[in-house]
Amino acid sequence: MTTSKCYVWRWLPGATDPVVAGELQFDNRGRQMFIYGRSYLERDNAEPIYESELPLRPGKHEPIDGLDHFSCLRDAAPDAWGRRVIENRIFGRGALGSAF
């Protein structure tokens, strides 16, 4: 099974810089899995990203209720405009692309 991944960053209360909270993995069907980083779990001020979906504990987390994605992380993802800007930058086009 092929897996791709990205890191999830988080601003903790009172912090001026974000820290890596964990790793979001995607299998070849697009299903997500999340693992909190050991260094994040060891922080005195660590908080769960969203208690009902991603409680603060070690090990692999899977989406609830048979879903493929974590709702709390989907809400933080770029919207359609943001995805278009990111893809245009990846392919070397201007931020506005052909939207205008």
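Modeller: What follows is a short walk from the overall layout to the charged pairs. This is a predicted model, in which local features need pLDDT of at least 70 and side-chain atom pairs count only at pLDDT 80 or more, while totals for chains, interfaces and linings use all residues. Residues are numbered from 1 along each chain as its sequence is written, and side-chain values use heavy atoms, with hydrogens and water left out.

Biologist: Which elements does the chain have, from the N terminus on?

Modeller: Helices (H or I, at least four residues) and strands (E, at least two) are DSSP runs, numbered from the N terminus. Here the order is β-β-β-α-β-α-α, which gives three helices and four strands.

Biologist: How many salt bridges are there?

Modeller: Side chains of opposite charge can pair when their charged atoms come close. The rule asks for a side-chain nitrogen of Lys or Arg within 4 Å of a carboxyl oxygen of Asp or Glu, and the count comes to six salt bridges. One of them joins E23 and K5, at 3.6 Å from N to O; because E23 lies in strand β2 (residues 19–27) and K5 in strand β1 (residues 3–10), this pair ties together parts 18 residues apart in sequence.
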